[in-house]
Amino acid sequence: DYLDETEEDIDDIVASRYSRKHGHLTSGLSTNSPEGSDRKWTCLNVPEKDGDTTSINSMLSVYSETGDYGNVKVSGEILLNINYSYKTGALNIVVKSCRNLAVADEKKQRTDPYVKAYLLPDKSRQSKRKTKIKSNSTNPEFNETLKYVISHTQLETRTLQLSVWHYDRFGRNIFLGEVEIPFDSWNFEDQGDEWFVLQPKMEVMTDVGLQYKGELTVVLRYIPPDRNLMLPLGQFQGKKSFKKGKKGDSHMPSGGILEVLIKEAKNLSAVKSGGTSDTFVKGYLLPDDSKATKHKTPIIKKSVNPQWNHTFAFSGLSSRDIRNVCLELTVWDKESLSSNIFLGGVRLSTGNGVSNGKEVDWMDSQGEEQHLWQKMIDSPGAPVEGILMLRSSMGKRRL
């Protein structure tokens, strides 16, 4: 019955029809998973191979929020136990039960509930988890664990969205309420059960910059002027100093140095046939966006989960400079016969909207972008690592 559910996701529909036609079960995780794969979508956060993410994913996600909203007056609560294993990197959401749910079908006087989860802002099918459907109960007992494998640093940037639905085999499923739990300040040491009151669906204008485009892992290190005197010149891969000298000046790094290790990205958009992209990262230290200070990583071909491990370096930065500049990193797909395709980006700065006393659009860092930059400033000489969600647009964010 569970695979017969055709509620809101076209991949579930395909999976259920395929299983009936061929007489065996499929996980529905991927459109091209190898036959006999034992991977289960309830236990994965991201695909394990590049081939498991295809360009169809973005289309599929459009279907994930269909259903009837507002037809039922939301009531009731949901009982959860949320715990995180630092050893295995597993987030376990134990959906225990609900109580006092609304009656969804007035004619039949019944509710057939199930619970659906996303780790926002990711609304793709890789992020979706669901419980089984409970028949005819406004006080259902689920006792199911929805699992995500995710680093704790990354988890702090996410919000758990749990929604309760009535399953209608012959029509549109009916929304029964939801809760959203941000993990930026969640206490994972307290692992007790907790009741959450279900809320109506809120109409919220979404910042276009928060649409999920994947994640970028970087390591930052700022070496103040008084600490870089003994560093060898060969350590630096930057083209020129941030402060450009006169022609003929020595290129020996001077002042403070900003090192940026571009480690890897995950879940990038696939723009080429076969579900891949040829990816690279470009970096500027604003306000200087000239070609002389541009940095680029090598191109990693046919990958939506590329690993670059490439270092950018910017020199000539005083402690005052580091508070007035903005590191802009953008991810691109390399196209040989046309313009490169923008895949997402981040900005790292103090995020106060001001550079050297002037208001500027690009000092708009928020959340983990701002937090990681401040952590670097507070830890001179030490590397700090962060996982940053890519923006879908590099337009100015609302401050």
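This is a predicted model: local features need pLDDT of at least 70, side-chain atom pairs count only at pLDDT 80 or more; totals for chains, interfaces and linings use all residues.
Residues are numbered from 1 along each chain as its sequence is written, and local features need pLDDT of at least 70, whereas side-chain atom pairs count only at pLDDT 80 or more. Side-chain values use heavy atoms, with hydrogens and water left out.

With rings of Phe, Tyr and Trp (its six-membered ring) taken to pair if their centres lie within 6.5 Å, the count comes to 7 aromatic pairs. The ring centres of Tyr84 and Phe188 are 5.8 Å apart and the planes stand at 50 degrees, so this pair is tilted, a class lying between stacked (planes under 30 degrees apart) and edge-to-face (over 60). Tyr84 belongs to strand E1 (residues 77–85) and Phe188 to the loop between strand E7 (174–182) and strand E8 (194–197), 104 residues apart, the strands being DSSP runs of at least two residues numbered from the N terminus. Both residues are buried, that is, under 20% relative accessible area with a 1.4 Å probe, protein chains only. Tyr84 and Phe188 form one aromatic cluster with Tyr86, Phe183, Trp186 and Phe196.

The charged end of Arg129 sits over the ring of Tyr148, 4.1 Å from its centre, by the criterion that CZ of Arg or NZ of Lys is within 6 Å of the ring centre and within 35 degrees of the ring normal.

Definitions and conventions: Helices (H or I, at least four residues) and strands (E, at least two) are DSSP runs, numbered from the N terminus. Buried means under 20% relative accessible area, exposed over 50%, partly exposed in between (1.4 Å probe, protein chains only).
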